[in-house]
Amino acid sequence: MTSFGLSPLLRQALHGQDITHYRTELLHKAAQEPNAQTLLDLSLIMQLTFENDQAEAFLQAALGLQQTFNLTHAGKDALRLLVVKTPGDLTANTPIECILENAPVQMDVVYVSPDLPLPNPLPPHDLLFVAVGEGDTHLAVLAELARALAHSTTPVLNKPQYIPQLSRSAAFDLLHTVPGLAMAQTYRLDRAVLQGVATGQNTLEALGLNLTYPFIVRPLGLHGGIGLSRIDQPQDLSAYLAQVGAELFFVANFINYASDDQLFRKYRVVLVGGQAYLAHMGISAHWMVHYPYKEMKAFASRRAEEAHAMLRFDQEFGQRHAAALQGINDAVKLDYFGFDCAETTDGKLLVFELSNALIIHACDDAAMFPYKLPQMRKIFAAFYTMLQNKVTVGVAP
């Protein structure tokens, strides 16, 4: 039987390997001897092959059988980590399995939802990590976790009461006064308001918001550039609304962050115990930068620039934005989170979005990106060290 898990499967998918054949293997196993772990594995396969409805169905079936799963089998003296997740896709929770793929950690995952409260007692653990990501649909779960874990006798990392402030709209209020930082204020607008702007029944000025053309728009709850578009004029908004059926949207001014060579450079930075690390840097001719993508694979010069940015991060990017990075960490108050960002033409740190559920992994092609694996191992080692230090220190006040 193949060994399943997020990192091995993600690595195969990113390398262009076909992982759909695992479904047959797992479906046969589930038919012969139904068990929660098999159903959980099926859910993961379906997520990675973009069959989201089936993924959700298998996950719910698994949770109908059990709530807690053991994802690693380290030695008896290994650190015991309890991870709290909520049902959802790969963006719903911190992908901690990738971060701790090879760490000597005994990891149990417990799923919670409005219909699935935190079990009492909890499985034995040395410390607890809240992996539930920011999201409107997670607010009730996070509030209940904050109440349930308020008097935990073991250390709690990524305390749930701080996670909602990572939302696109709340983050501006949290960070806009941080020295050296730039951030576009993000508004939540419903479809009717945007439709009025698109048809000329209303104007941006009349809305009383700090919005001008061009601005960017995306549906609430979507990530990875899905549904994201730049609106240069009302006609663009009409076309956008005709294609996207959502009812609620995030809207913010577009800030042109192109460098002198007219290329856009987007950085993904993670903070581990307050220390900043570069997870990747994408360089693109288009303002919407994804990673990995064809341009980074096509241009060796861009990969060389990313390699240099990683090697010299502390001395260059990290030094240039030291005050902003410290200000972000102080304001957010989480043990682990990340953000996508760029540099403005006047030298500020331009933050796009914050998240505690960014996908950080060591699954890229080592032949194409030989510098990535050492960098990711550095981040993962820092994460494991943070866990060790938290256990040593004990419960924080």
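Predicted model: local features only at pLDDT ≥ 70, side-chain atom pairs only at ≥ 80, totals over all residues.
Helix α1, spanning residues 6–14, and helix α3, spanning residues 36–48, have axes that come within 11 Å and cross at roughly 25°. Because angles under 35 degrees count as roughly parallel, α1 and α3 are therefore roughly parallel to each other, and α1 passes α3 in a right-handed crossing. On the α1 side the contact is made by Leu6, Leu9 and Leu10, and on the α3 side by Leu44, Ile45 and Leu48. By class, this contact of α1 with α3 has 6 nonpolar residues, with no polar and no charged ones.

Helix α3 also packs against helix α4 (residues 52–65), at an angle of about 160° and with the two axes 8 Å apart. That makes α3 roughly antiparallel to α4, and the crossing in which α3 passes α4 is left-handed. The residues of α3 that meet α4 are Ala36, Leu39, Leu40, Leu42, Ser43, Met46 and Gln47, while α4 contributes Asn52, Gln54, Ala55, Phe58, Leu59, Ala61, Ala62 and Leu65. The residues of this contact divide into 11 nonpolar, 4 polar and no charged.

The structure holds 1 cavity of 30 Å³ or more, and about 40 Å³ of space lies in the largest cavity. Its lining is formed by Leu6, Leu10, Leu48, Leu90, Pro95 and Ile359, and these residues divide into 6 nonpolar, no polar and no charged.

How values were computed. Residues numbered from 1 in each chain as written. Heavy atoms only, no water. Axes fitted to C-alpha atoms, helices over the stretch in contact; angles between N-to-C directions. Helix = DSSP H or I, 4+ residues; strand = E, 2+ residues; numbered from the N terminus. Parallel < 35°, antiparallel > 145°, perpendicular 65-115°, else oblique. Left-handed = near helix turned anticlockwise from the far one by under 90°. Contact = heavy atoms within 4.5 Å. Nonpolar A, V, L, I, M, F, W, Y, C, P; charged D, E, K, R; others polar. 1 Å grid on protein atoms, 1.4 Å probe; cavity = no way out; pocket = protein on both sides within 12 Å on 5 of 7 lines; lining within 4 Å. Points joined across faces, edges and corners; volume = space filled by probe spheres on them.
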